[in-house]
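This report walks through one protein model, element by element. Please have the sequence and the structure open side by side.

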Amino acid sequence: MNGRQLRARFRGVAVVAAGLLALTACGGGDAGAKGDGNGEGKAAAAARTVKHDAGTTEKVPDRPKRIVSVSVTMTGHLLALDAPVIASQATPPSVITDKQGFFTQWSDAAAKNSVKVAYQGFEPDVEKVLALKPDLIVGASSGAENAEKFYDKLSAVAPTLLYRHDDVSWQDLTARLGKDLGLEKRASEVVAAHDKRVGEVKAAITVPKQSAALVRDNQSAMTVFTPESAQGRLLTSLGFAVLEPPAGKGQTQGGRSDFAEFSQEKVADTAKDSSLLFVSHTPEEITAATARPVWKDLAAVKDKRVYDLGLDTFRLDYYSAGNLIDKIEKAFG
């Protein structure tokens, strides 16, 4: 073979190789479009950087497909947004949960969306989360299920976003989640539906002239919810004047700013003529609380201005906020 023939053969090989390379780059099918199994294909390249309450997370998918919630509180917010939650942390079953440990206000929505129990307990079970193959993990950086200590381990499984839920209204948290998850339209719809319901009920009820003391009985002490709490903001939007907590610093949990705990006597002295609205109690528990010597002679008890806001009102989301509004409408309509 002479030099001219040899050069021609090399040119032919180069053309074939270039063609094969082009086919591979285009996917040789649709492998490149669908990703490589690690979420790093072309479709997965559509991602964002999100600043949240535990830091800043890169490569958050624009449209996540498999969200695992490591906060039973955050799950309700996600379900209201129609986010693709495949599994959630659950608490030990109690009067405020279903038999799985999901909060009753959204347990039907969880069942409808086939949400599984990721694990039960307040500390994330990272191995069980890993087995669920999430493309996004959402959790809390406040409350009993605060996952900040596990942030690095969870982030090694999938992009992880953690949010405080104690010092913000559920509406603001819903809007923030909508923005971070690419669900802004749905977030706006959820908040608008709630606001419409608030307006309807506000026009239909008669609000007592007395202030409203939002309280939760803890046997030896009493929790008071502030006007800035989610519960306080909702009552204010319905026209109530929410009582400020007693003067002085009460005991808080994990730096929470939405409620504080004071002695029974101090709360009773502050409440005086206020109506008493009990958060997260059974009717029997409310009866027992108001029968105590420190409460039984208060004007609210004598005048029967004691109201049950429902068992699910300790943590407000779209679902429990709607239930609370129903309670207010029934009591004051």
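Strand β1 (residues 47–52) pairs with strand β2 (residues 55–61) in the antiparallel sense, over five bridges. Two strands pair if DSSP finds at least two bridges between them. Val50 has Thr57 in β2 as its bridge partner. Two residues lie between β1 and β2, and the strands form a hairpin. Helices (H or I, at least four residues) and strands (E, at least two) are DSSP runs, numbered from the N terminus.

## Basis and overall make-up

This is a predicted model, in which local features need pLDDT of at least 70, side-chain atom pairs count only at pLDDT 80 or more, and totals for chains, interfaces and linings use all residues. Residues are numbered from 1 along each chain as its sequence is written, and side-chain values use heavy atoms, with hydrogens and water left out.

The protein chain holds 14 helices and twelve strands. Of its 333 residues, 48% count as buried. Buried means under 20% relative accessible area, exposed over 50%, and partly exposed in between (1.4 Å probe, protein chains only). Take the contacts between residues at least 6 apart in sequence: 64% of them join residues at least 24 apart. Contact means heavy atoms within 4.5 Å.

## The parallel sheet

Five strands form an open sheet, ordered β5-β4-β3-β6-β7, with parallel pairing. Its edge strands are β5 (116–120) and β7 (160–163), and each pairs on one side only. On average, neighbouring strands of this sheet are turned by 20° against each other, direction ignored. Axes are lines fitted to C-alpha atoms, for helices over the stretch in contact, and angles run from 0 to 180 degrees between N-to-C directions.

Strand β6 (residues 136–140) pairs with β7 in the parallel sense, over four bridges. Ile137 has Thr160 in β7 as its bridge partner. Helix α7 packs on this sheet and touches β3 (67–69), β6 and β7. The direction of α7 makes about 165° with that of β7.

## Helix α3 against helix α7

The axes of helix α3 (residues 72–80) and helix α7 (residues 170–181) come within 10 Å and cross at roughly 70°. That makes α3 roughly perpendicular to α7. Angles of 65 to 115 degrees count as roughly perpendicular, under 35 as roughly parallel, over 145 as roughly antiparallel, and the rest as oblique. The crossing of α3 past α7 is right-handed. A crossing is right-handed if the near helix is turned clockwise from the far one by less than a right angle, and left-handed if anticlockwise.

Which residues meet here? From α3 come Met74, His77 and Leu78; from α7 come Trp170, Leu173, Thr174, Leu177 and Leu181. The residues of this contact divide into six nonpolar, two polar and no charged. Ala, Val, Leu, Ile, Met, Phe, Trp, Tyr, Cys and Pro count as nonpolar, Asp, Glu, Lys and Arg as charged, and the others, Gly among them, as polar. An α-helix has 3.6 residues a turn, so residues three or four places apart point the same way.

## Helix α4

Helix α4 (residues 104–112) has these buried residues: Gln105, Trp106, Ser107, Ala109 and Ala110. They pack against α3, β4 (85–90) and α14 (318–332). Just after α4, Ser114 takes a positive phi of about 55°.

## The mixed sheet

Five strands form an open sheet in the order β10-β9-β8-β11-β12, and here the pairing is mixed. β10 (259–263) and β12 (306–308) stand at the edges with a single partner strand each, so one side of each is left without a neighbour in the sheet. The twist averages 35° from one strand to the next.

Strand β8 (residues 212–217) and strand β11 (residues 275–278) pair in the parallel sense over four bridges. Ala212 has Ser275 in β11 as its bridge partner. Helix α11 (residues 283–290) lies across β8, β11 and β12, and runs at about 155° to β12.

## Positive phi in two loops

Asp82 sits in the loop between α3 and β4. Its phi is positive, about 60°, although Asp82 is not a glycine. Is Asp82 buried or exposed? Asp82 is exposed, with a relative accessible area of 53%.

Ser280 lies in the loop between β11 and α11. Phi of Ser280 is near 60°, again a positive value in a residue other than glycine. Ser280 counts as buried, at 6% relative accessibility.
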